[in-house]
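Please look through the structure shown below with this report beside you.

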Amino acid sequence: MQIYVCVKHVPDSAAIITILQNNRIDENVIFLLNPYDEHAVTEAVKIKISLPGSEVIAVCFGQDDAEKTLRSAMGMGADRGLLVVSDAAQHESIEIARVLKAVIAQDGSPGLIFTGKESIDTHGMQTMFRIGALFNFPVATNVVRLNIEREVAIVDSELSGGAVDTYEMSLPCVIGAGRGLNTPRYPTFPDVVKSKKKVLKKINLEDLDVKTPKSNMSMVQLEPLLQERKPKEIRGDKGEIAREITRILKEEAKVI
Amino acid sequence: MKNIGVIIELDNGKIKEINFGMITLARAKGRELFGFVINADAAAVKDELESYGITQIVAVSLAPDQQNNPVVRAKSIINCIKEFNICTLLGLSTPAGKDLLPRVAAFLEAPLVMDCFSIDLKQNLARTSRHSGKTIATIKIAGDIVLFGVRPKAVEPLKAWASSQIVQFDGSNIVSEDFRHIKRVVDDKKTEISLAEADVIIAGGRGMKNGDNFSILSKCAEKLNGAVGASRAAVDSRWVPYSMQVGLTGEKVSPRVYIACGISGSIQHLAGMKTSTIIITINSDNNASLMSDCDYFIQADVLEIIPELTRHLENY
């Protein structure tokens, strides 16, 4: 089975974000593999091992330096990588899905396509559904358990409050990996060395026949979230503290 | 006709409180406001929806064995969009909404912004957090149909009465061949409300020391009709399930009060709760970063303070 994993090159969640010209971030920070995509790669590699003859292909649409993220995915066990290179830092979700669909369809015939359930930079939460719609494949998101049985995928998808929905999907299908699906398998030093020898194919966006979507989405403004809180200390014995918290809940927050 | 639609989330036939902020956002002068309720008694919720300005209540009926299937729900909403000329659709950015709105947007190849905390419907501008909550983006979307996911509790609900009529919409023939719902398992031990809906969240971190101690938080949350959350350290230690995690890779919440118990306050945790109105931090370690990024801090052992607070609330 050919298993495709769509990965995104995102700023480290711990990075200090600086905004330039009110509409983009200073990209001079550490970028890495989106954390949810780590679960996606790990699960894809797990399935590959259980289905001999399978291949895991990591796919990314990004700028040239996104190669680093594809190398991380290959270090975690993906067999090869495909990078659709763009000059622009941001694309809208509809275009991203069209590009990923085009490059996957050109490369092979997917049995499974993985993504992370969201990216930690734009938090769009929709690319997996758009890829599924373009291929006409079923899609599940926030998947925390996955079993492949012959021609179907059985998945658990987590709702809030501890509720879990179980779905059965025909293959091929698209899986949005959630936390809890697995513990990411981080590469060892020999894995990193090996990943450097794996094949990474770069494709220019212009060489893919992808039409720009009719609808559009544009960034009007990007600003830092500034929130100055002035912490006040609550002192006293535990009874006094409990009384003060109760007062805050009642008088300030008005929740009781 | 440029009609606006909102997908109403129900819980056992009742309208969840978090819908009213969204409806408040969706109202626009001179435009019909459609409220879609799926497999619910529309007459029973009519008064409540009218009080917030819904003018058309669409009672969508799905086959009972299909009603928990998000693909079937999405297809029924798409049929409604076409039937009622909806050009702007709003839904909640809750776990259920995150599995529904993007499906609708994907089938229609229409633009969608999730997790909006404010929307300007005249210009189709949405404000949402990006970069793990470190930035705020104002995004303009355009298209024949545009969709917005609204962050629960981001908008204060304001009543504005309108008279409404109920329209029946039959979706009982909609099925999904390749995506089948098998079962839903609900943890009965959890009776408290969800993180997204709670006005008060009491969250525990490494300072809780073990999973059993989380019952101390549950008891207190029960008194406040609040929810219990957890830091990544607590879920990674398997003390509590992943569904309770607040943070960058967990739930993003904006309650009125967030009580952080024994949570150091990593950037990733802050990303999930920094939009809370009031943050109270309880930690024995005065150097924990959340002690200086909150409204009130208490240097003490949470295992002493919270039971005392519970006792205090009992006698209150």
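## Terms and numbering

Two strands are said to pair if DSSP finds at least two bridges between them, and the strands themselves (E, at least two residues), like the helices (H or I, at least four), are DSSP runs numbered from the N terminus. This is a predicted model, in which local features need pLDDT of at least 70 and side-chain atom pairs count only at pLDDT 80 or more, while totals for chains, interfaces and linings use all residues. Residues are numbered from 1 along each chain as its sequence is written, and chains are lettered from A and ligands numbered from 1 in the order in which they are written.

## Chain B as a whole

Chain B holds nine helices and 17 strands. Its radius of gyration, taken over C-alpha atoms, is 21 Å, close to the 20 Å that the globule rule gives for 316 residues, so chain B is as compact as a globular protein of that length; the rule is 2.2 Å times the number of residues to the power 0.38. Of the 316 residues of chain B, 57% count as buried, where buried means that 20 or more other C-beta atoms, placed from the backbone, lie within 10 Å of the residue's own.

The domain assignment, which is automatic or taken from a database, divides chain B into domain 1 (3-170) and domain 2 (200-314). The C-alpha centres of these two domains of chain B lie 31 Å apart. Five residues from domain 1 of chain B and eight residues from domain 2 of chain B make up the contact, two residues being in contact if their C-beta atoms, placed from the backbone, lie within 7 Å.

## A sheet with strands from both chains

One open sheet of ten strands runs in the order β14(A)-β9(B)-β8(B)-β7(B)-β10(B)-β6(B)-β1(B)-β4(B)-β5(B)-β11(B), and its pairing is mixed. β14 of chain A and β11 of chain B stand at the edges with a single partner strand each, so one side of each is left without a neighbour in the sheet.

Strand β11 (residues 165-170) of chain B is hardly covered, since the count of buried residues among its six residues is zero. Elsewhere in the sheet, strand β7 (residues 112-120) of chain B and strand β10 (residues 146-150) of chain B pair in the parallel sense over three bridges, with B:V113 opposite B:F148 in β10(B).

## Where the chains meet

How many residues of chain A are in contact with chain B? There are 70 residues of chain A in contact with 80 residues of chain B. Among the elements that give two or more residues to the chain A side are α4 (127-135), β14 (216-224) and α6 (238-252) of chain A, and α6(A) gives the most, with ten residues.

Strand pairing also links the chains, for two bridges join β15(A) to strand β17 (residues 296-299) of chain B, and these strands run parallel. In β17(B), the bridge partner of A:E233 is B:F297.

Key:
A residue is buried if 20 or more other C-beta atoms lie within 10 Å of its own, exposed if 12 or fewer, and partly exposed in between; C-beta atoms are placed from the backbone.
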